[in-house]
Amino acid sequence: MNTWQAVGMTVAGLAVGTAIALHGSADDPAKPGDVTEARVGADAAGGNNWLLNGRTFDGAHFSPLQQITDKNIGGLGLAWSLDIESGMGVVSEPIVVDGVIYVSAPLSIVYAVDAGSGKVLWRFDPKVRLNQAINGSYSARVNAGVAVWNGKVYVGTGDCRLVAIDAATAKQVWEAEVCEPTQTGITGAPHVAKGKILMGFNGSDDGVRGALVAYDTETGKEAWRFWTVPGDPSKPFETKALEMAAKSWGGKDWWKVGGGDVWNAITYDDTTGLVIFGTAGVGVDYGEFRNIKATGDRLFGECIVAVRADTGEYVWHYQTGTEGIHSENNHILMADLMIDGEKRHVALTAPKNGFFFVLDAKTGKLLSAKPLVNVVWAKSIDLQTGRAVLVPRSEGGGRQWTVHNWWPMSYSSLTGLVYVPTTDRHPGTKAAVEAGEGGEGLFGKLIAPFKISSAAVSRFSPCARKTTGMSLCISRRMSNACVSCQFGLGYSATIVSYTSQWSRSANCSGVKTISELTV
């Protein structure tokens, strides 16, 4: 296929008697892309659709479907496959509405696919310009997905545009420029909140000033823009929040390094009416930026930030990162938990630095912070100050491999567990720890590290301590919930192999704790 490869999109079918209803009735044809706030709420319990990024507004990435179980998982087989011409893989989270899969591919190309047959219903190419910026050019290589709302499909492009597409005709409805295409591009998926499409963009590694932008879903008119780091202090700050944030910066020409981009972690909490999002770090280590040493907390870099969905007004922030340890915030999910006998509405998140944070959704108060693996950069997080207790460089601190990247987590209200894909390091590895995604001795691990039901949020114990309520033994009794949950986590065949392995035992004998299951 010339210089392009064919990337296969596959769907597994279940070779059992029960059929999956992928289409609406022929007598009651569905409106293409029919997703509304009311429908998201009504569909939450059923699970026949995947209407939003994360399926529901809380971003739980959990499916209540139970047709696939430990008894029939061996009957899964290939139903159909679709070749997508691309030199890169597909990382998009599919959106499924009334039997139609909406998925994006490299170059921000969008496909509408019949879920029953794999037939392409339409293909939309926004014709991304690759000659605008180096950052934008490599941003065009991947696209994390689309949003579908009220008959339209929305996609961010590698050259900084947000494009609205008619779900029925595949014609462009409107487009808006989210960022400066000569500086950066978009790889993340749009999100929806109160009749607005939320879009961020890349650029922290290239000195680009980050922002989260909201657009009217029908017209494409910009509703609000929340800049995540201050601009030139010789000019008026856009908001009081940025005026406050500027006081946390120091160093000559600090404002030139930009940072704090919002490309992935965006969650609309319909309980509080807040948009809760995560930002990337601050600092560029090449070119003219190398000599600019921005110091201090550098807000709102490496933060979880909450703003009002209606106006973009700042409400609270919590900084998960620490100066000198590059980190980045990823997937945020919402949940209602009983903590010390009190029902709390919380935000759960695990940034790159390897800690799992529980924050009060209304106030941002830190409720818990525990390491997912044996991290080397910090001993703990002080719950009173919210700051990390650092490991000195002389004792091996000062750097950390990426423990949890952009991969979504999943939360099951049935088990009370959050399932987190992570990267760990073999304890016997002698090479020095390297910052970032690379390094010797690293391996993948899928864990459910905490029982999210108490303020202690302790690590799991072996199965023998199951009666404490703070451990989990994977048995046939609980496997349905695990299977359902993990099938909601990115449609990954790897997850299928996990669930199959977990469900082989009808009791706790010989079954490892989740934290020991690795790839």
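Me: Buried means a relative accessible area under 20%, and exposed means over 50%; with that in mind for this predicted model, is Cys160 buried or exposed?

Reply: The relative accessible area of Cys160 is 0%. Since the cut-off for a buried residue is under 20%, Cys160 counts as buried.

Me: Which residue does the disulfide join to Cys160, and where do the two partners lie in the chain?

Reply: A search of the whole structure finds one disulfide, and its two sulfur atoms are 2.0 Å apart. The pair links distant parts of the chain, with Cys160 in the loop between β8 (152-156) and β9 (161-166), and its partner 19 residues away in the loop between β10 (172-177) and β11 (191-193). That partner, which has a relative accessible area of 8% and is therefore buried, is Cys179.

Me: Where is Lys119 placed, and is Lys119 buried or exposed?

Reply: Lys119 belongs to the loop between β5 (109-114) and β6 (120-124). Leaving aside neighbours within four places in sequence, Lys119 is in contact with Ala112, Val113 and Asp114. Its relative accessibility is 56%, and the cut-off for exposed is over 50%, so Lys119 counts as exposed.

Me: What percentage of the residues of the whole protein count as buried?

Reply: The protein has five helices and 29 strands. Of its 519 residues, the share that count as buried is 56%.

Terms used. Residues are numbered from 1 along each chain as its sequence is written. This is a predicted model: local features need pLDDT of at least 70, side-chain atom pairs count only at pLDDT 80 or more; totals for chains, interfaces and linings use all residues. Side-chain values use heavy atoms; hydrogens and water are left out. Helices (H or I, at least four residues) and strands (E, at least two) are DSSP runs, numbered from the N terminus. Buried means under 20% relative accessible area, exposed over 50%, partly exposed in between (1.4 Å probe, protein chains only). Contact means heavy atoms within 4.5 Å. A disulfide is a pair of cysteine sulfur atoms within 2.5 Å.
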